Amino acid sequence: MAHITFPPPYIAPQNAAQSLRDAGYAVLRPDEFAAWAGVTLADLQALQADWTQLPHDAFLKDGGRYRRRRHSCFIAGQEQLTQVAHRAHWQPVEYNALHGGMLRMFEPMREATAQSTTWSRLLLALAGLSDQVFCAPGGHERWFIESHQFRIDTADGIGRPTPEGAHRDGVDLVAVILVGREGVKGGETRIFEAAGPSGQRFTLTEPWSVLLLDDARMIHETTPIQPERPGGVRDTLVLTYRRKGFQGAELDRRHQD
């Protein structure tokens, strides 16, 4: 049986802010996304080697070994990006029924990537977009950013990009960036209005295509992947932007003490 996929509803980057305000989401093509962020597609592709060096996620409650990841945090404001001291990732159970309430300390991103010009331009471009969408005209915020590098593999036959199911993240903006996919089927993106009937389904297949979400308005998930050939993987970069500090910051300080 043929595997049916639906193409992403791409729009031009200059329309992303309005689409986020009107519809709650926007999907951008790789080359246009790169140019909008002030980098080249080759610059972004140069980051992809990081995804071959991700350690296993030791916190999966379903007992799986299909997910590898790294996690680092940053603050953006006034066109400056600062990496903060390494900290645990935390979400409340209201947003993550499977892993909520856990302080999960993952390995940090590689310093060469986190301190690179490409990385800074990418995160600051999305901070500027967040200003456009969530601030009054001409306003600026201090954005608390969490970066998640994921590799989902199919070594055991199936991999789950979102084992927690359809969810929100408890932030303002979510960027789900496809870094690459090889030898897999599935991995369909599904987004739904949190307070309405509308939804979309499509499959990101082009490396460095990006889905942007107003997290308060949209619920999202990605369906499981299966191997089309041995070694099949799906790599993503998930960036979240929040105005009110990092989630779990107080718990994280207690944990460090």
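1. Asp 235 lies in strand E12 (residues 233–242); strands (E, at least two residues) and helices (H or I, at least four) are DSSP runs numbered from the N terminus. The model is predicted, with local features needing pLDDT of at least 70 and side-chain atom pairs counting only at pLDDT 80 or more, while totals for chains, interfaces and linings use all residues. Residues are numbered from 1 along each chain as its sequence is written, and side-chain values use heavy atoms, with hydrogens and water left out.

2. With 7% relative accessibility, Asp 235 counts as buried (under 20% relative accessible area; exposed is over 50%, partly exposed in between; 1.4 Å probe, protein chains only). Its side chain makes a polar contact with that of Arg 151 at 2.7 Å (N or O atoms within 3.5 Å, one able to donate a hydrogen and the other to accept it; residues adjacent in sequence count only if both atoms are side-chain atoms). Beyond four places in sequence, the contacts (heavy atoms within 4.5 Å) of Asp 235 include Trp 51, Phe 150 and Ile 177.

3. The largest nonpolar core has 39 residues (buried Ala, Val, Leu, Ile, Met, Phe, Trp, Tyr and Cys joined through side-chain atoms within 4.5 Å). Helix H5 (residues 117–134) supplies the largest share, nine residues. Trp 119 is among the members touching the most others. A second, separate core of 15 residues includes Val 174 and Met 218.

4. Strands E8-E7-E10, in that order, form an open antiparallel sheet; pairing requires at least two DSSP bridges. Strands E8 (199–202) and E10 (218–222) each have a single partner strand, so one side of each is left without a neighbour in the sheet.
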